[in-house]
There are 2 protein chains.
Amino acid sequence: MRFAIQRDQLLQGVQDVMKAVTSRTTIPILTGIKIVATEEGVTLTGSDSDISIESFIPKEEDGKEIVEVKQTGAIVLQAKFFSEIVKKLPTDTVEIIVENHLQTVIRSGRSEFNLNGLDAEEYPHLPQVAEENVFQIPTDLLKSLVRQTVFAVSTSETRPILTGVNWKVENKELTCIATDSHRLALRKAKLQTETEESQSVVIPGKSLTELSKILDDTSEMVHIVITENQVLFKAKHLLFFSRLLEGNYPDTARLIPNESKTDVVVNTKEFLHAIDRASLLAREGRNNVVKFSTVEGSGVEISSNTPEIGKVVEEIQSQSIDGEDLKISFSAKYMMDALKALEGSEIQISFTGAMRPFVIRPMNDDSILQLILPVRTY
Amino acid sequence: MRFAIQRDQLLQGVQDVMKAVTSRTTIPILTGIKIVATEEGVTLTGSDSDISIESFIPKEEDGKEIVEVKQTGAIVLQAKFFSEIVKKLPTDTVEIIVENHLQTVIRSGRSEFNLNGLDAEEYPHLPQVAEENVFQIPTDLLKSLVRQTVFAVSTSETRPILTGVNWKVENKELTCIATDSHRLALRKAKLQTETEESQSVVIPGKSLTELSKILDDTSEMVHIVITENQVLFKAKHLLFFSRLLEGNYPDTARLIPNESKTDVVVNTKEFLHAIDRASLLAREGRNNVVKFSTVEGSGVEISSNTPEIGKVVEEIQSQSIDGEDLKISFSAKYMMDALKALEGSEIQISFTGAMRPFVIRPMNDDSILQLILPVRTY
C-alpha cells in the first residue's frame, strides 16, 4: 500500500472514526484504525463492536485531488498514535507506505514515522445491512431528535433496555422516546420514506450521542436503514453502524396523561434560571428536590430548604394559570434537563395532581413533550 | 450589616478570593469567605492559611456608585454556595443583609436566599506585614517572571524547598530561579526600589500560580513586600499574601556552565514541534526521552525509538552549528516546557558534552535561561 493524501481530510476522517474506538476492548485489533486504499480513494474504519464508523476519503472532490493512490492495499494502525501523529504532522500532504512485515512509514516534510502495523485481514468485517426500509431525515433534524430525547435514557444497567432510545416508525412518522422511569422525553418527526411498514427498535443512547458528535449541522439528508439487530446511518462519505438493544421497550403511551387539572404557562428561560437557583443549596443533598406552588395573582413560587445550609425562595410571574391551586415537588435536575431540551420562549406545564406525572410542552407545538414524575414531600 | 452592591463587581471580588479557598481544610471557618462592610466599601477575604487574598470593593469608582452600605458589619458565608449564588443572581444589584443569629439574606429581584452565616470574629487575622523593603514590578512583567520559572519547581515533597521559586533581590535586580534538580529555569528583571538591601526568599510555586491567575495583563505596578516568613503582593484593590518556604535554597549558580563546546541556533517553533512529534511514541514509556544529534551540513536530527510501537526521525535545519559534533539524549517534556517559556523566534542551545547540563537561551537576551540535565542513553 502506498498513497499520498491531504492531511486535513485525513485528520477529519481519523477523528470521525476515532469516536468508535475505545482502549477498553477485549479484541486487541479494535484499538486500531483500518486503512484501505483502493483506486477510488481511502477508507478508514473504527469500531468497538457496538458502534462501527466508516469514513471514505475520495480520490478527488470538487475537481481537487485529495488522494493519490500509488499502490492499493490495507493496514491497521494503533488509533491512539496514528491520530496524534496525523494531528501534528508539519506539511499539508502526508505519504503513507506499508513496507515489509506490516511496517508502515508515515512521511510529511522532514518528519518520518515508522509504525508497527497490524494485519488488516484480521480486522472484523462490518455488519451486512440489506437496504430495505430506508428512510431519510435532514441532518440537523436528526441531531435535534437525539438531543431532545437521549438525555432521558437510564444510566443504570438494571433495566438495560432503558439505556436506549425507542425509535418507532409508523404512518411515515418517527417517534423517539427515552425514559429512565422517573422522567420521559418524546419527540416526533415526519419522515421521507417509501415504506409503509411499521418498525420499533431501541438504539443505545451512547450510539446516538456519538452519532450526533460526528454529524455537522447541515440540512443534507441522512439515510437510515433499520434491520433486525443493526441500524445504519448513511451521511456523505460516512457510514455509522450501531447494534440495537434486544428486548421489549415498555409501552409508554399509557404513562402520558391526556387531561389536566392545573395548566401553567411561563417564560422558559426565566423558569429555568429560577429552578437553577432554587436548587443551588439542595444539590448537596441526596435528591436535589425543589418545591413548586401556585400563588395567588397568577404567579409561581419555587423554593427549597436545606436546614444546615439555608433556604431559597424564587417567585416568577406566569403568563397564565388555569385550574386548581397546586403544591408539588420534583427533581430540579430533571426539570432543567427537560427545559433545556425544549424549544420556544414559552412553555406550558400541565399537572393532574401533586402525585401524578406532569407534562411540559412548548406552546403550540405537538411534536415534543417532556414528562416528569413528582417526588413526595408535601 | 446591610448593603446593596453591583453584582458584577461582587462576582469579580468573590472569584478572586475564591482562589485561596479550599474545601480540604482542617479549619472549618476557612471554607467561608469573610465579608466586611465599612463606610468605605466592602472587603472580601479568602484563605487556606498558606495563601490569603483580600479584595476591596470601594463605595464608588469613576464617579459611579458600586456599594451602598446601610449598616456596617461583618459575616462569613460558605464560599462554595455564596460564589455560585452570586454568579446566578438575576438582577444587576444585590442586597445582603445579616439578620439575627448570623442569618444572612441575599436578595436580587424576586430571588431570595437565606444562608446560615458564621461569626466573622472567629475568622483568622491576616498576617501583619511591615512595609519595609518594598519594590515594584509592572503586572505583566510579574506574570512573565512567574510563567517562565514556576513550571520547573519540583512536584515532589522529598525536598520541600524545591517546590518553591527562589526570589533573590540584589543590586536593584530580581532573579527568579526554579529547579526540580533535573532542570532549572532562571529569569532576571530590573526593579524599581529604593532599598539597597539584598534578600533571598523561597515562594511556594502554588502561590505564584494562583497569583498569576488573579492578575490582569496590565502595566500597572504591583507592590511587593517581603518579610521573614511572608510575601505580600499589592495590586489595585487586591492584597495577596503567601507564606514563604523555610530552609536554604541550594546554590544554583555553580550548576550553570559558563563555557560551551557545541552551540546550535534553531527556530524555536520548528524545534518545539519536532520535539513534540519525536516524543509522541515515547510518551508511553517511563521516561519520554528523545535523542538529539548534529548532522553534517548544518542540520539537527531528533529521534526516538519505542520498539513495540515504532520509531520517529525528525530533521530540522539549524541557523548555525558551531563546535564539536554531538549526540545527546534528554527528556522531551523538559525541553518542550523550556521552549514554551522562552520568548523570541530563535534560540541558542549551548552544550558542553553529552553528559553535562546544557543551556537554552533566546538570541540576544541575557535575562532568561533554561537548563536541562541530559539522560544517559548513548
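Reader: How many bridges join strand S2 of chain B to S8(B)?

Author: Six bridges join S2(B), residues 32-37, to S8(B), and the two run antiparallel. Strands are DSSP runs of E with at least two residues, helices are runs of H or I with at least four, and both are numbered from the N terminus. Two strands pair if DSSP finds at least two bridges between them. Within this pair, B:Gly32 stands opposite B:Gln78 of S8(B).

Reader: Before we go on, what kind of model is it?

Author: This is a predicted model, where local features need pLDDT of at least 70 and side-chain atom pairs count only at pLDDT 80 or more, while totals for chains, interfaces and linings use all residues. Residues are numbered from 1 along each chain as its sequence is written, chains are lettered from A and ligands numbered from 1 in the order in which they are written, and side-chain values use heavy atoms, with hydrogens and water left out.

Reader: Thanks! What order do the strands of that open sheet in chain B take?

Author: The sheet has nine strands in the order S8-S2-S3-S4-S20-S19-S18-S12-S16, with antiparallel pairing. S8 (73-78) and S16 (192-193) of chain B are at the edges with a single partner strand each, so one side of each has no neighbour in the sheet.

Reader: Switching to the interface: how many residues does each chain put into the contact?

Author: Chain B gives 31 residues and chain A gives 31 residues, with contact meaning heavy atoms within 4.5 Å. The area buried between them is about 2,700 Å², and carbon and sulfur atoms give 51% of that. Buried area is the accessible area (1.4 Å probe) that two parts lose on being put together, summed over both.

Reader: And how many salt bridges are there between chain B and chain A?

Author: Four, taking a salt bridge as a side-chain nitrogen of Lys or Arg within 4 Å of a carboxyl oxygen of Asp or Glu. B:Lys88 and A:Asp276 meet in a salt bridge, at 3.1 Å from N to O.

Reader: Which element gives the most to chain B's side?

Author: S24(B) does, with eight residues on the side that touches chain A.

Reader: Why do the copies meet through the same surface?

Author: Because 100% of chain B's interface residues are also interface residues in chain A.
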